[in-house]
Amino acid sequence: MSHLCFLCQRCSQPLKLNHTVEASQEPKALMFISAQGETRETQEGGPPSKEEANFENLQDGAFCRTPHPPSGGTSWDYSNFTLLGRLEPRRSLDSIQKTIRDSFDILSGETEVDHPLCVDCTDYLLEALDIELAITESDVQNYKCCLETREWVSEDERELLQRKLKGLELEEAKLHQEVAEVEKNQESVAADLEAAQAETKILEQQEKQYWKDYCKLKWQQLELNEELSSVEMRLRYAQIQWNKLEKTDIFNATFEIWHDGPLTIINNFRLGRIPTVPVCWSEINAAWGQTALLLLALANTIGLEFQRYRLIPCGNHSYLRSLTDDCAELPLYSGGEQNVFLHNKFDQAMMAFLDCMQQFKEAAEKDESGLYLPYKIHVKKGLMEDPGSSSGFYPIRTHLNTEEDWTKALKFMLINFKCSLTWVSLRYGRK
Ligand SMILES: [Zn+2]
């Protein structure tokens, strides 16, 4: 048995048919089956099936479709069919012709066809029609109202309104023209805008690059500023140092001479000894070394070259070299042992030193700002003379001499050197 049902034309859901009508109907439908479909008709004269009853419920000539075949079930062989009229047990030529005519009417759309709809879709359709009806009624009311108002308006008012309307129409035309112009302008403005946007893009890129460059330069500036302040600080420090050095006297700073009671001290080394203060000989030798260096520095400052001797300062082993006596070395240092001979070499060295000092004094005295030394030097006898004292001769040698007198002679000698330092500083130090 084939199963046939109808679909709603709106929602395509299968229709539920009214079964109460079913029983009282007879099979009268005829199906036009598509060319490929297999014809499935009710048996003529047989008892009416369910499907045949369904056909009865519909008007003649209604379209229907078969539902989609259930998946996995038997396939439907036909696809579409059309109800064309009542099925007569024995059909006459007239009935066949009528059927054909009806078919053509349906196909040409001349006959109204009732499309089957489900209950929900019918309700929806009715509601929509109601709404449309209400709107139409409201429109009608509005039109009526307008007509009534028109009747109430006087002739003058109508003219006024007409003029107003004309003015408004003119204004509308003008506005239309303006709109056209604006539209025309819009194109050029759009082109301008596009160009401006492109320019903006380029300018933004340039700005970006400028910022990059600016940051780079700013960084360099910071670095250079830092360097500049560092250099300025160093310059200020150098300036301070320079000022300090300018005020510093090189001779007085290098050679410090002062006295501590009977002993005189040069650069922290005591020169001389007395029984109460037995200064060790290495200190005395070092003091002699400093004194030799001082005399050489003084001589070099005024451009003096010693005659007869060459002074070689060498710490606590300084000496003089005789330029006449086969280059004999005269040591300006001693171990402290007293030599009984008249001409021991340490004494000879000290007397030679006095000779050199006298040469310096004589050279310095020739200068216009002449040097004045408080203590006289007697080179040949090797004496230092104190002009303020009656018995003021003090030998520089150690042989046949007391430690006190020897120390005093050394003291006078260093005082003379101190005066020489002051003179040299004033004369040459500030140049
Ligand atoms: Zn429906």
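Begin by selecting Ser318 and Gly315, where a polar atom of the Ser318 side chain lies 2.8 Å from the backbone oxygen of Gly315. Keep in mind throughout that this is a predicted model. Ser318 itself sits in the loop between β6 and β7, and Ser318 counts as buried because its relative accessibility is 1%, under the 20% cut-off for that term.

With Ser318 still selected, show the residues around it, leaving aside its neighbours within four places in sequence: Ser318 is in contact with Gly289, Ala292, Ile312, Pro313, Pro331, Leu332 and Tyr333.

Next, move along to Ser322, which is found in strand β7, residues 319–322. Is Ser322 buried or exposed? Ser322 is buried, because its relative accessibility is 4% and the term applies under 20%. A polar atom of the Ser322 side chain lies 3.3 Å from the backbone nitrogen of Thr324, and, when residues up to four places away in sequence are not counted, Ser322 touches Arg308, Tyr309, Cys327 and Ala328.

Now select the largest nonpolar core, which has 51 residues, and colour Trp288, Leu320, Phe353, Phe360, Met413 and Phe417, the residues that touch the most other members. The elements giving two or more residues to this core are strands β4 (263–266) and β6 (309–312), together with helices α7 (281–302), α8 (345–365) and α9 (403–429).

To look at one of these residues in detail, centre the view on Phe360, which, not counting residues up to four places away in sequence, touches Leu295, Leu298, Ala299, Ile302, Leu304, Leu371, Ser420, Trp423 and Val424. From there, turn to a second, separate core of five residues, among them Phe6, Cys8, Leu15 and Cys118.

Ile96 lies in helix α3, residues 93–108. Ile96 counts as partly exposed because its relative accessible area is 35%, a value that falls between the 20% and 50% limits of that term.

Conventions. Residues are numbered from 1 along each chain as its sequence is written. This is a predicted model: local features need pLDDT of at least 70, side-chain atom pairs count only at pLDDT 80 or more; totals for chains, interfaces and linings use all residues. Side-chain values use heavy atoms; hydrogens and water are left out. Helices (H or I, at least four residues) and strands (E, at least two) are DSSP runs, numbered from the N terminus. Buried means under 20% relative accessible area, exposed over 50%, partly exposed in between (1.4 Å probe, protein chains only). A nonpolar core is a set of buried Ala, Val, Leu, Ile, Met, Phe, Trp, Tyr and Cys residues joined through side-chain atoms within 4.5 Å. Contact means heavy atoms within 4.5 Å. A polar contact is a pair of N or O atoms within 3.5 Å; within protein, one must be able to donate a hydrogen and the other to accept it, and residues adjacent in sequence count only if both atoms are side-chain atoms.
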